[in-house]
Amino acid sequence: MILFSSTSALLGNAGQAAHSMACAYMDGLADSRLSTGPATTSVQWGPWDDVGIPARLGLNDQLRRAGENPSPATVFLAELGRAAQ
């Protein structure tokens, strides 16, 4: 099982405390299920360069200035394939 988390669980996200908390909870849930249920991985995605809310709202330049570089979907999809193995 793969859970889709966010780097906001690790780095925080201004104005989105609830989102960060939910992602941190999912990460903990995945970790706790490893010993009792099916193998579970929680992937902390960073910002996607070409899809998603930051891209749609034109926020990627702000993210780059803050030091968080969005990656293209092709990079993340390849990583998803590795996580699913």
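Analyst: R82 counts as exposed, because its relative accessibility is 58%, above the 50% cut-off for that class. In this predicted model, the side chain of R82 meets that of E79 in a salt bridge, with a distance of 3.0 Å from N to O. Both residues belong to helix α5, which covers residues 73-83, and because they are 3 residues apart there, about one helical turn separates them.

Another of them joins D61 and R64, at 3.3 Å from N to O. The arrangement again lies within a helix: D61 and R64 are 3 residues apart in α4, so about one helical turn lies between them. D61 is classed as partly exposed because its relative accessibility is 47%. R64, with a relative accessible area of 35%, is likewise partly exposed.

R64 also takes part in a salt bridge with D49, where N and O are 2.7 Å apart. This pair links distant parts of the chain, since D49 lies in the loop between β2 (41-45) and α3 whereas R64 is in helix α4, 15 residues apart. At 31% relative accessibility, D49 is partly exposed.

L57 is placed between α3 (53-56) and α4 (60-65), and its relative accessibility of 58% makes it exposed. Together with I53 and L59, L57 makes a nonpolar surface patch of about 280 Å².

For the setting of these pairs, the whole chain may be considered. It contains 5 helices and 2 strands, which follow one another in the pattern β-α-α-β-α-α-α. There are 5 positive and 7 negative side chains, and the centres of the two sets lie 3 Å apart. The chain exposes about 5700 Å², of which carbon and sulfur atoms supply 60%. Of its 85 residues, 22% count as buried.

One of the buried residues is S8, in helix α1 (residues 8-11); it is assigned to that class because its relative accessibility is 4%. Beyond its neighbours within four places in sequence, S8 is in contact with N13, H19, S20 and C23.

Note on methods. Residues are numbered from 1 along each chain as its sequence is written. This is a predicted model: local features need pLDDT of at least 70, side-chain atom pairs count only at pLDDT 80 or more; totals for chains, interfaces and linings use all residues. Side-chain values use heavy atoms; hydrogens and water are left out. Patches are made of residues with over 30% relative accessible area and no salt bridge: like charges are joined within 9 Å, nonpolar side chains (Val, Leu, Ile, Met, Phe, Trp, Tyr) within 5 Å. Accessible areas come from the Shrake-Rupley method with a 1.4 Å probe; for residues, only the protein chains shown count as cover. A salt bridge is a side-chain nitrogen of Lys or Arg within 4 Å of a carboxyl oxygen of Asp or Glu. Helices (H or I, at least four residues) and strands (E, at least two) are DSSP runs, numbered from the N terminus. Buried means under 20% relative accessible area, exposed over 50%, partly exposed in between (1.4 Å probe, protein chains only). Lys and Arg count as positive and Asp and Glu as negative; His and the chain ends are not counted. The place of a charge is taken as NZ of Lys, CZ of Arg, CG of Asp or CD of Glu. Contact means heavy atoms within 4.5 Å.
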